[in-house]
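Visitor: I would like to learn how to read a few features of a model. Please show me.

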Amino acid sequence: MLKIYNTLARDKQEFVPIESGRVRMYVCGMTVYDYCHLGHARVMVVFDLVRRWLRASEFAVTYVRNITDIDDKIIKRAQENKEPVEALTARFIQAMNEDADALGIERPDAEPRATGHLPGMLEMIGVLEKKELAYKAANGDVNYSVRKFPDYGKLSGKSLDDLRAGERVEVSLGKQDPLDFVLWKKAKEGEPSWDSPWGKGRPGWHIECSAMSCTLLGKHFDIHGGGQDLQFPHHENEIAQSEGANQTKFVNYWMHNGFVRVDNEKMSKSLGNFFTVREILKKYDAEVVRFFIARAHYRSPLSYSDLHLDDAKHALTRLYTALKDVGAKAGKVDWTDPHAARFQEAMNDDFNTPEAVAVLFDLANEVNRTRAVAAAGLLRSLAGILGLLQRDPQAFLQALPAGAGLTPQRIEELIAARVAARKAKNFAEADRIRKELESAGVILEDSAQVTTWRWS
């Protein structure tokens, strides 16, 4: 049976869906004011893997990942660019989808945008106000009264006194408590705004996800996911809003993926140490980047460096090399097969992809040893659940990165020249061509019949 580490319980728990055979899952998505960095890519890949495994386990999955298309950062960037907010967000939504497509991330079943769900947000804020969990402040904002929600802190494990002692943000005008957070922001001149019972304004960040998830998945659903940085305050605030308004449990299983780290610091735009997905894809094949993310356990930190991506490339090359000369296609998995059973056991243990990937390498070793089509087919099938090894092996092995300086045609011309030099017993020239190709990143593989090549 599948076990999931539930942040709320601080333990692995057997997964029992609310409705037999069906899973409803919500993941906090991107705030679209810039290009996605690798931290964003990790969130998308991780929960793509979760959905793929749930489906492989014969669950019907409804997967919702939201888009925040209105907030302070978006407004600031649009003002800096002197462009409409709608134009800015449309551009970066398109860029996000391009990056996700490149990484083999399947589109969610629904991708709600905050600006498209304002009625639901206003309704929820109204309910909270009637229950005296929300109040209009002197500055025109509507705030959530944290101390009136008894369970506040249950996700993060933080007590209200600890939170108050650590509070370093100056109390804004009209807040009854420094811990209170904004549900509806009063409109500022020149900023986008919408009508509401409390005057013109726009939603706070936290209310967006509460309203969208409840609208699309119901007041009580199975899985809520996101990056570790969202556990507090965002997800804590979602619980307070949703359970405060609906008087029922909000989510059964909370999942949080670990940070991507650079030089032992979290990768983030605020620290300026981030690498965008499209920057990385100029140097590395997209499947290599997906493999780099997938082979680490989702809750572990992921250390970014060229060295680690190079290692991922060489590892993925080993898997594709095993398939190169064995014509096998992916098919239905026989879960009684020992390799498949190990893979299933790993994935059912809180999506343990490092162990699942180890099974792929054991299968690759068997293929290399036996050249068995059945083993190669199983390798493709299991890897396919992770979104890997579905390309023609030769196409992967000969995929040239941007700026390689060579074309496949030029490489074949040089190989032909080397073959001719060897036939003429001009071994010095043949060796020179081989070294020229190697220095450019092309590895030649000679057999009795033919010389093939792959990118290093």
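Visitor: How many cavities of 30 Å³ or more are there?

Guide: The general idea comes first. Rolling a probe the size of a water molecule over the atoms shows where empty space is left. In this predicted model, the count comes to two cavities of 30 Å³ or more. The largest cavity has a volume of about 60 Å³.

Visitor: Which residues line the largest cavity?

Guide: The lining consists of Val46, Leu49, Val50, Ala294, Ala296, Tyr298, Phe351 and Thr353. Helix α1 (residues 38-56) supplies the largest share, three residues. By class, the lining of the largest cavity has seven nonpolar residues, one polar and no charged.

Visitor: Now helix packing. At what angle do α10 and α12 pack?

Guide: Two packed helices are described by the angle between their axes and the distance between the axes. Here, α10 (residues 306-323) and α12 (residues 353-370) pack at about 40°. Their axes lie 9 Å apart. The two helices are therefore oblique to each other. The crossing of α10 past α12 is left-handed.

Visitor: Which residues meet where α10 packs on α12?

Guide: From α10 come Ala315, Arg318, Leu319 and Ala322. From α12 come Leu360, Phe361, Ala364, Val367 and Asn368. By class, this contact of α10 with α12 has seven nonpolar residues, one polar and one charged.

Visitor: What is the angle between α12 and α13?

Guide: Helix α12 packs with helix α13 (residues 373-385) at about 160°, with the axes 9 Å apart. That angle makes α12 roughly antiparallel to α13. Helix α12 passes α13 in a left-handed crossing.

Visitor: Which residues of α12 and α13 meet?

Guide: On the α12 side they are Val359, Leu360, Leu363, Ala364, Glu366 and Val367. On the α13 side they are Ala375, Ala376, Leu378, Leu379, Leu382 and Ala383. The contact of α12 with α13 divides into eleven nonpolar, no polar and one charged residues.

Visitor: On to the backbone. Which residues does a cis peptide bond join?

Guide: Look at omega. The cis bond joins Phe232 and Pro233, with omega about 5°. Pro233 is found in helix α7 (residues 231-246).

Visitor: What is the phi of Leu389?

Guide: Leu389 has a positive phi of about 60°, although Leu389 is not a glycine. Leu389 lies in the loop between α13 and α14 (393-397).

Key. Residues are numbered from 1 along each chain as its sequence is written. This is a predicted model: local features need pLDDT of at least 70, side-chain atom pairs count only at pLDDT 80 or more; totals for chains, interfaces and linings use all residues. Side-chain values use heavy atoms; hydrogens and water are left out. Axes are lines fitted to C-alpha atoms, for helices over the stretch in contact, and angles run from 0 to 180 degrees between N-to-C directions. Helices (H or I, at least four residues) and strands (E, at least two) are DSSP runs, numbered from the N terminus. Angles under 35 degrees count as roughly parallel, over 145 as roughly antiparallel, 65 to 115 as roughly perpendicular and the rest as oblique. A crossing is left-handed if the near helix is turned anticlockwise from the far one by less than a right angle, and right-handed if clockwise. Contact means heavy atoms within 4.5 Å. Ala, Val, Leu, Ile, Met, Phe, Trp, Tyr, Cys and Pro count as nonpolar, Asp, Glu, Lys and Arg as charged, and the others, Gly among them, as polar. On a 1 Å grid over the protein atoms alone, a cavity is a set of points where a 1.4 Å probe fits but cannot get out, and a pocket is an open set with protein on both sides within 12 Å along at least five of seven lines; lining residues have an atom within 4 Å of a point. Grid points are joined across faces, edges and corners, and a volume is the space filled by probe spheres set on the points.
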